[in-house]
Amino acid sequence: MWEQIRSNRIKSIFLVAAMAGVLLVIGFFIGMAFFGNPLAGLIVALIIWGIMSLVAYFQGDNIFLSISKARKIERDDNPRLYNIVEEMKIASGLAHMPDIYIIDDPAMNAFATGRNPEKAAVAVTSGLLQKLNRDELQGVIGHEMAHINNRDVLLMTMCGVLLGAIVMISWYVTHMLFWGGMSGRRGSGGGGGQAQIILLLVGIVLMILAPILAQLIYFAISRKREYLADASSAQYTRYPEGLASALEKLGGSTAQLQTANKALAPMYITNPFRKKGMAASDLSSTHPPISERVRILRSMGGASFADYNNAYASVHQSGGSAIPASALAGTGAIGLRAASSEGAVGNPGKLERTREVSDLMWRKNNYKTINCGCGTKLRVPPNVKKFTIKCPHCGTTHTV
Amino acid sequence: MVVGIVIAAIVVVILIGLIVIYNGLIRLRNQMKNAWSQIDVQLKRRHDLIPNLVETVKGYASHERETLEAVTNARNQAQGAVGKGVGVQAQAEGALGGALSRLLAVAEAYPDLKANQNFLALQEELTSTENKIAFSRQFYNDAVLGYNNKTQMFPSNVIAGMFSFKEGEFFELEAPAEREVPKVSF
């Protein structure tokens, strides 16, 4: 496990450096085009990137959680979810219990955030909590814990920031070049004209290519992370079928997450963006296709990284490897466990889960619940000033 | 002069190697100890939950006395085994796990008990504690494997021998008869 984190770090540094290179090329060009001095452009690009990185590093998790409208829950709000997170914390060997957040949204999704394992948080949507059984939820939480444990969160945040900086700078520069080039530069005319136009063309091409290139690097990093997190989840839970069937449910659902943000798409367990009404299955680019992830998980013979890697190779006929070689070395065979039965105690069925989650969401929205003697549950909105309320079924009057 | 420098350089390299290997062993051993304390926490939690569970079940299924007593006895034995070594503890916990799963299987036959909120909450706790024991055991055994590999493989085994790093003991609950989940038929 530790080797894998180390090898991740080296590979990540390389990819981040590649993205930073793209940023610097842009800065260099801006300097030449606008300031007449490449160095000035470099400095401007670096300052923009630096500020964005600092904000993301110190406030990234808060920003992410608040734009997702995620709310923190305590142990008593949903003991099952809390317990599952704690189980996965133990299995992954993390030292700190992450905070747990819930997003009131019928779409099924989950993400992990926080700049280091000590300050980590996992968030799940209420739809996820409602539709997944214990084994499936365990698989999803295992996947998120793997992101925390593999230090993916910080890496993806920083890459996202880099990508954001590149996209932002090149968007402005393209516009300035285009309009500025059309009107302002033409007047200067004269001998420099030829060179100006060439510079302009190179600039426009560069500004169009840079964001695409950066995005490709970003997605390359993000996909590798997804495979690794799937493999880690299978290893933690010893039960790849749980995650596989959870992914299948996620892929089959058509509800779209209301609060998702394009720049943050790679942070979710499945890509929250797709065409309206279509299934999430294979349209994503930040994530490997869901059907493929499911097939890999389903063809695992054991729960170790080596088993995942073999399954990966057999699903991709061409072979290849999803796991860094250093992480494969020295791990023994790991067997699978049996499924726990849905509907049994500690593993409530669909109906109970739906009740449990809707109760939780009402409570989180500060609604008061009155249990009437006839079995009806009355929800009282937080701003109600009236002191009595009548049960619509049996007519009993309750005082608020 | 040159020979002196070469010898000094070799000595320094060997020394650095020794320190790195020694520190690596310490790190792995601490990791193993830490993993063990995780198991300990969960086992203690399990012991604490059982009296509560037994009381709740008694209220609905008092004539299952044999099963209830078996659980209480197994729990007391498991508690007595704390600190007596990994092997002894593993055996006692294995027996307790068996008794517990028999009790939970018995509980399936009492609809009133199954509907009791207190029992449901306890069940969630117990299910999760069993899972946590399994997961912490899994993590501990991985840590032991890593540590044992280091103490047995060359060259770290030399240093392990010099500073008497003892091999870690796996925590195995595989007393097969005890671990078998009883089948319930209606």
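The conversation below walks through a predicted model of two chains, A and B.

Visitor: Which residues make the contact between α1(B) and α2(B)?

Guide: From α1(B) come B:His47, B:Ile50, B:Val54, B:Val57 and B:Lys58, while α2(B) brings B:Leu68, B:Val71, B:Thr72, B:Arg75, B:Ala78 and B:Gln79. By class, this contact holds six nonpolar, three polar and two charged residues.

Visitor: B:Ala78 sits in helix α2 of chain B. How do you know whether B:Ala78 is buried or exposed?

Guide: We count C-beta atoms: B:Ala78 has 23 others within 10 Å. A residue needs 20 or more to be buried, so B:Ala78 is buried. Setting aside residues up to four places away in sequence, B:Ala78 touches B:His47, B:Ala92, B:Glu93 and B:Leu96.

Visitor: Over to chain A. What makes α5(A) roughly perpendicular to α8(A)?

Guide: Helix α5 (residues 134–149) and helix α8 (residues 240–252) of chain A pack at about 95°, and their axes are 7 Å apart. The range for roughly perpendicular runs from 65 to 115 degrees, so α5(A) and α8(A) fall under that term.

Visitor: What classes of residue does the contact of α5(A) with α8(A) have?

Guide: There are three nonpolar, six polar and three charged residues. Among those in α5(A) are A:Gly139 and A:His143, and α8(A) includes A:Ser245 and A:Lys249.

Visitor: Which residues have the most contacts inside the largest nonpolar core?

Guide: They are A:Ile26, A:Ala123, A:Leu162 and A:Ile166, in a core of 106 residues. Helix α7 (residues 193–237) of chain A gives the most to this core, with 13 residues. There is also a second, separate core of 19 residues, including B:Ile50 and B:Leu122.

Visitor: What is A:Ala123 in contact with, leaving aside neighbours within four places in sequence?

Guide: The partners of A:Ala123 include A:Leu65, A:Tyr101, A:Ile103 and A:Phe111.

Visitor: And how many residues does each chain give to the contact between A and B?

Guide: Chain A gives 12 residues and chain B gives 15. The chain A side divides into four nonpolar, five polar and three charged residues.

Technical notes. Residues numbered from 1 in each chain as written. Chains lettered and ligands numbered in written order. Predicted model: local features only at pLDDT ≥ 70, side-chain atom pairs only at ≥ 80, totals over all residues. Contact = placed C-beta atoms within 7 Å. Nonpolar A, V, L, I, M, F, W, Y, C, P; charged D, E, K, R; others polar. Axes fitted to C-alpha atoms, helices over the stretch in contact; angles between N-to-C directions. Helix = DSSP H or I, 4+ residues; strand = E, 2+ residues; numbered from the N terminus. Parallel < 35°, antiparallel > 145°, perpendicular 65-115°, else oblique. Core = buried A, V, L, I, M, F, W, Y, C linked by C-beta atoms within 7 Å. Buried ≥ 20, exposed ≤ 12 C-beta atoms within 10 Å, placed from the backbone.
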